[in-house]
Amino acid sequence: MLVSVEQFKAVPSLVSDLLIPIPMLLGMACGPLGLLILRASGSGRMRRVGFIGTSISLLGVCSYLAATLSQYVVGDEVEFFYPIGALLVGVGMITLGIAVFVARWMAGWRRMAPLFVGLYYVAMIPFQIVFFIIPNGEPSPILLGFWSVTWILHGYAIWSSASSFERRG
């Protein structure tokens, strides 16, 4: 046999463990950073609150990255990186979402989009714990997948608000 089956076992691992999660994490980082660049949290105290929310969210993304890298390098994930990352992203997005909502720079539903990301996390956690983590030991990938819908709306809100940012100067 010219090709060993062992050589192909590393390819799916590389794709599923790095090539899919890394761009996803970069996209997650772009959400809070996009709001920071747009100055969507306004000025003064709300800008500081927005910066704190962005920082907390980015720490959460870094924790997710640590979990992803540990799973790829070591073969097992370090158990606390994923839940800590999720908690930090959720808390950070609520903080940032409140700042954006109060600042009123974004209009309509766009103003609520960052807050929806954080609030979905808060609403999802009790369901995850009671119905999935306690009985099965694993979170529901479907509930986590629905969280991505809030992230997509959040990204669209940033993208569609960018033209008014250009006019604002």
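Analyst: Leu14, Val15, Leu19, Ile20, Leu65, Leu69, Tyr72, Val73 and Val74 make a nonpolar surface patch of about 780 Å². The model is a predicted one. Two helices, helix 1 (5-19) and helix 3 (45-74), each supply at least two residues of this patch. Helix 3 gives the largest share, five residues. Leu19, one of the patch residues, lies in helix 1. Its relative accessibility is 52%, and because the limit for exposed is over 50%, Leu19 counts as exposed.

The aromatic rings come next. The structure holds seven aromatic pairs. One of them joins Phe80 and Phe81, with 4.5 Å centre to centre and 40° between the planes, and this pair is tilted. Stacked would need planes under 30 degrees apart and edge-to-face over 60, so an angle of 40° falls into the remaining class. As for cover, Phe80 has a relative accessible area of 48% and is therefore partly exposed. Phe81 is also partly exposed, at 22%; buried would require a value under 20%.

Trp147 and Trp151 form an edge-to-face pair, because their ring planes stand at 65°; the ring centres are 6.1 Å apart. Both residues belong to helix 6 (residues 141-168), where they are four residues apart, about one turn of the helix. Trp147 has a relative accessible area of 5% and so is buried. Trp151 is buried as well, with a value of 14%.

Ring pairs also link Trp109, Tyr156 and Trp159 into a cluster. A contact of another kind involves Phe101: the charged end of Arg111 sits over the Phe101 ring, at 4.0 Å from the ring centre.

Ser140 is a further residue to look at, placed in the loop between helix 5 (113-136) and helix 6. The side chain of Ser140 reaches the backbone nitrogen of Ile142 at 3.2 Å.

How values were computed
Residues are numbered from 1 along each chain as its sequence is written. This is a predicted model: local features need pLDDT of at least 70, side-chain atom pairs count only at pLDDT 80 or more; totals for chains, interfaces and linings use all residues. Side-chain values use heavy atoms; hydrogens and water are left out. Rings of Phe, Tyr and Trp (its six-membered ring) pair if their centres lie within 6.5 Å; planes under 30 degrees apart count as stacked, over 60 as edge-to-face and the rest as tilted. Buried means under 20% relative accessible area, exposed over 50%, partly exposed in between (1.4 Å probe, protein chains only). A charge sits over a ring if NZ of Lys or CZ of Arg is within 6 Å of the ring centre and within 35 degrees of the ring normal. Patches are made of residues with over 30% relative accessible area and no salt bridge: like charges are joined within 9 Å, nonpolar side chains (Val, Leu, Ile, Met, Phe, Trp, Tyr) within 5 Å. Accessible areas come from the Shrake-Rupley method with a 1.4 Å probe; for residues, only the protein chains shown count as cover. A salt bridge is a side-chain nitrogen of Lys or Arg within 4 Å of a carboxyl oxygen of Asp or Glu. A polar contact is a pair of N or O atoms within 3.5 Å; within protein, one must be able to donate a hydrogen and the other to accept it, and residues adjacent in sequence count only if both atoms are side-chain atoms.
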